[in-house]
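Colleague: I am new to this structure and would like to understand how its parts meet. Could you take me through the interface?

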Protein chains: 2
Amino acid sequence: MNYMKKRMDFQMVNKQEFYETVKATLSFFEKASIVLTDEEKGRIEVADYGLNDLKNTGLQLMTFVNTDRVCAKEMVLFPHQTCPEHRHPERNGHPGKEETFRCRSGKVYLYVEGEKSENIHCKVPAGSEEYYTVWHEIILKPGEQYTLYPNTLHWFQAGDEGAIISEFSTNSDDASDIFTDTRIKRIPEVEK
Amino acid sequence: MNYMKKRMDFQMVNKQEFYETVKATLSFFEKASIVLTDEEKGRIEVADYGLNDLKNTGLQLMTFVNTDRVCAKEMVLFPHQTCPEHRHPERNGHPGKEETFRCRSGKVYLYVEGEKSENIHCKVPAGSEEYYTVWHEIILKPGEQYTLYPNTLHWFQAGDEGAIISEFSTNSDDASDIFTDTRIKRIPEVEK
């Protein structure tokens with residue numbers, strides 16, 4: 001299958017898991033009436049952040065455009081799946097990535113720097129507790145959004161039904177992201 | 001109604017036409033499963049470009065975010081409605097607006113600079129023929145998109161069913177747009 005070809009060689013998920021993940025991602029898009037071309041379906045990205053625990057820590061992405069100035073993606077999180085804590089630092093003297101997350105379907109719990117919220121709805125993936133440090137909770141339901149300015153630590157997790165999130169941002173360069181979890185490799189060494 | 005309040009004072013459409021247009025716009029979004037918050041529903045923008053011919057020349061917009069660096073909108077075109085020819089020039093020494101149009105539903109005929117296409121599918125709004133000068137046709141169906149770099153003349157028209165178009169761009173500043181049709185006022189003088 002074409003789906004299996006791209007963007008998985010350097011992930012730890014195996015072919016079967018990758019194929020099933022892409023299929024489930026496409027099903028999320030279909031349910032939300034988000035239309036992709038066949039070419040796009042063939043380049044869904046599955047990120048397991050090198051932790052080999054995709055069910056808990058992972059993200060599925062469809063990048064529509066990523067020029068020097070503008071990037072737009074749709075991201076899928078399965079139920080309770082977490083995108084781990086990270087920030088987008090300055091790059092070669094230019095401001096880091098700015099991003100707006102807009103919830104399209106499901107529910108997203110977003111955690112950012114700031115006062116710790118009283119009721120935290122999410123549980124950090126087991127074994128990774130020490131790598132999560134920001135606890136200001138923002139809940140995004142469909143139609144709700146939040147803008148993150150550069151260098152702000154953040155992580156997010158989907159609710160019971162999973163979620164689709166649109167990301168509107170400046171240029172996206174995964175290699176420059178700084179994760180709190182030092183075990184994480186977003187991009188394999190060979191690609192850096 | 002809240003819908004009627006905003007962004008119409010300086011347009012030539014009357015209250016009734018504005019109200020009906022917003023209602024029809026919301027219905028487009030609903031059919032495409034694009035969820036807006038109540039706050040957003042209350043600030044749908046109707047642009048008639050000061051030509052008082054909304055049915056033929058006009059655009060309906062929902063701006064999700066517009067920071068110094070990133071802008072994202074959903075735009076609705078009713079059947080055969082046209083967004084008139086314009087370009088986004090340099091602003092105070094900075095590059096002009098770059099924009100990616102992604103068709104979400106319906107069909108869009110986009111015209112840009114370049115070789116004139118053999119089969120032109122659209123008709124320019126009657127009486128405005130002299131203000132349309134670029135004829136390289138790009139057809140966008142759902143899931144298809146096109147990126148326009150700064151200062152490129154372009155115009156677009158929806159097909160028989162109308163269209164929803166996502167726009168992913170750099171900062172949007174309507175006041176700096178340059179329209180080929182010198183009668184057009186995108187932003188009223190008082191707001192400039």
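Colleague: What area is buried between chain B and chain A?
Modeller: In this predicted model, about 2,300 Å² is buried between chain B and chain A, and carbon and sulfur atoms give 51% of that area.

Colleague: Which residues of chain B lose the most area to chain A?
Modeller: They are Arg69(B), Arg104(B) and Phe168(B), which together account for 25% of what that side buries.

Colleague: And how many residues does the contact take from chain B and from chain A?
Modeller: It takes 31 residues from chain B and 31 residues from chain A.

Colleague: Turning to charges, what is the count of salt bridges between chain B and chain A?
Modeller: There are four salt bridges between chain B and chain A. One of them joins the side chains of Glu74(A) and Arg104(B), at 2.9 Å from N to O.

Colleague: Which strand of chain B gives the most to the side that touches chain A?
Modeller: Strand 5 of chain B does, with three residues. The side of chain B that touches chain A divides into 13 nonpolar, ten polar and eight charged residues.

Colleague: Why do the copies meet through the same surface?
Modeller: They do so because 100% of the interface residues of chain B are also interface residues in chain A.

Note on methods:
Residues numbered from 1 in each chain as written. Chains lettered and ligands numbered in written order. Predicted model: local features only at pLDDT ≥ 70, side-chain atom pairs only at ≥ 80, totals over all residues. Heavy atoms only, no water. Contact = heavy atoms within 4.5 Å. Buried area = accessible area lost by both parts, 1.4 Å probe. Helix = DSSP H or I, 4+ residues; strand = E, 2+ residues; numbered from the N terminus. Nonpolar A, V, L, I, M, F, W, Y, C, P; charged D, E, K, R; others polar.
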